[in-house]
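Here's a quick tour of a protein model for someone meeting it for the first time. Have a look at the structure, then read on.

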Amino acid sequence: MTSQAWAEDGYDLWLRYQPITDTEALETYRDAISGVLIESDSPTLDIAREEISRGLNGLLGSNVPMLSGAPEDGALIIGTPQGSEMIAELDLEGFDQINDDGFVIHSTSVRGEPATVIAANTDQGVLYGVYHFLRLIQTQQPIDDLALVQSPRIERRVLNHWDNLDRTVERGYAGFSLWEWHKLPDYLNPRYIDYARANASLGINGTVLTNVNADATVLMPRYLDKVKALADLFRPYGIRVYLTARFSAPMEIGGLETADPLDPDVRAWWQSKVDEIYERIPDFGGFLVKANSEGQPGPGDYDRSHAEGANMLADAVAPHDGIIMWRAFVYSPVADDRHKQAYDEFVPLDGDFRDNVLVQVKNGPIDFQPREPFNPLFGAMPSTSLMMEFQITKEYLGQGTHLAYLAPLFKEALDADTYAQGEGSTVAKVIDGSLSGDTLTAIAGVANTGTDRNWTGSHFNQANWYAYGRLAWNHDLSAEAIADEWVRMTYTNDPDFVEPVKAMMMGSREAVVDYMTPLGLHHLMGESHHYGPAPWIADREREDWTNVYYHRATRDGVGFDRTSEGTNAVGQYAPPVQEMFEDVDRTPEKYLLWFHHVPWDHEVSSGRTLWDELVYRYNRGVEYVRDMRDTWASLEGMIDEQRYRDTEAYLEIQEKEAIWWRDASLSYFQTFFGQEIPEEYELPAHTLEYYQSLKFPFAPGI
């Protein structure tokens, strides 16, 4: 089949609004929508008006008029009861259930005319409703009998940008930072608007502009003017800006001799700085803080607790309705098991944090590995608001090139049952506040955006930004349903393309787990840049900076014993979970080597020995990538040439690197057990010494 001639570069993301090619569907939509009526004006409603016009005109291939005055048959009526007399007259079912960000979309009668109404309590809710209505048409859903009622499950839905002021991006694989600090505040790149549109279309309502490894410079007046310019631009899209606070800022830019959170001069400095920010940015969201972790300064430098540090900042932002997001990612060389340290440090502080503090917890207890059990902090701090931190950028899952759809990873964590208050106490219920009655709720995703034309380096990495936003809005959505939406909006509604691509995506993360960290292995990547396999890393300054610390391979077996006979990390979970992880026969095999040191000849559920199962899974991962390449090859000509070729090339890279991971890892582990690789599998192409000799001076993503 010959590839189509038209070109797309991925810039438009899932907001392409390309004309509907199904003639029957097109006529149905054209007949259903005679025009758009928005009775009032505001900066946000102006955006809603522009977006609905852009979307409908593009999708329907004709000019949809903007109406005024009385409604007509087929009118799309958009607004709030406060701004629209027509909407105020209606008794819309479910309207009393929505919150400030929620909306209803109803097929109804307005002043005697059949119409579709998008209504909300706020203009921001209206904008979210507009994007959802356009999503229905983009995915070719029926719109003739709508009765939709939606509100986000989590209040603050935030992107964390690990962007530095020099425009490098830590763990970024898509070019430089979006923020052109050297041009702000005087020049606003039009791309900022498209960034805001993309986030608003998903309901993302916050952005942390700067890296958690913070630079105090951003708090200086000349930079706050730059931040203000972005905040003013993002505000009509419902996006608040946040900054990362370097704990030592009072010393570095304030001239103080200490940053002790209990020192009155330090507290006064922060209060003055916060007031200065809010004078410029009245809706500033607050601070994200990484403290006493990986060399970052914090309250521990003064023998103060995390709560004392967080509360000092919380008191400063509280009068302005600001919040503090205090990261729980901590580990030190004295801990007997890095898995345990966040729990050990934070659980004793439960109830000590101010009401406007959220403790931001990574989905797993180590560090965004391809697979981790859920973090035991979830469910263990009922008197503290906890928020989830996911990593959208694929630091450990193939970085910029591997196709790894992360919604299954996100869902695995959200749906995990903590049993904190009995069966059904899922992680999702912890972070949405329903388990403990928290009113302050939030979720964060470490962004994967950059200056690459397609925003995320790989076209399929866009799906992870999309999936994060959709799950932040509604964590009950399935990974498959989200993939279906994204494929249809980003490529085509043709089922001959949608179904195989969706199937390919759904197994892709599991394939990465297979060829990188099967059966609960973890932390096997290259040092510092985290690129490629290096399970042999040892003899570093700290034991937990090595990889041998985590897999603990010996002649007798492999895996980290976290049972009561080992480090007893299992003791941090509620009893039903603890009992499951304690028992090698009850532990889900996907976590087997996370919690148990297992003999190489241990028989697993397949009937294979552990060694043979590892070989099988490493190879299964490689074969899945090969199958993805075959699937993609069969789709040539069904989408535009550029995006097809880009993905084709990246899948070729992924296969080569999957083989590299498999061969390097098996060659290394084979040195302990001495067992041969079964003859039905490919043998490593090189010696272990070859794989160990590889160096990567380009250091991606540092």
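Predicted model: local features only at pLDDT ≥ 70, side-chain atom pairs only at ≥ 80, totals over all residues.

Residues are numbered from 1 along each chain as its sequence is written, and side-chain values use heavy atoms, leaving out hydrogens and water.

Let's start with the helix pair. The axes (lines fitted to C-alpha atoms, over the stretch in contact) of α5 and α13 come within 8 Å and cross at roughly 45°. Contact here means heavy atoms within 4.5 Å, and these residues make it:

| Helix | Residue range | Contact residues |
|---|---|---|
| α5 | residues 191-202 | Tyr195, Ala198, Asn199, Leu202 |
| α13 | residues 462-473 | Trp465, Tyr466, Gly469, Arg470, Trp473 |

Sorted by type, the residues of this contact are six nonpolar, two polar and one charged, with Gly counted as polar.

Next up is helix α11 (residues 407-414), which is mostly covered: eight of its eight residues are buried, meaning under 20% relative accessible area with a 1.4 Å probe and protein chains only. Among them are Pro408, Phe410, Lys411 and Glu412. The cover over α11 includes β13, α12 (427-431), α13 and α14 (479-490).

And the loop residue? Asn375 sits between β12 (357-362) and β13 (385-391). Asn375 is buried, at a relative accessible area of 5%. Beyond its neighbours within four places in sequence, Asn375 touches Val361, Lys362, Asn363, Gly364 and Pro365.

Definitions and conventions
Helix = DSSP H or I, 4+ residues; strand = E, 2+ residues; numbered from the N terminus. Buried < 20%, exposed > 50% of the residue type's maximum accessible area, 1.4 Å probe, protein only. Axes fitted to C-alpha atoms, helices over the stretch in contact; angles between N-to-C directions.
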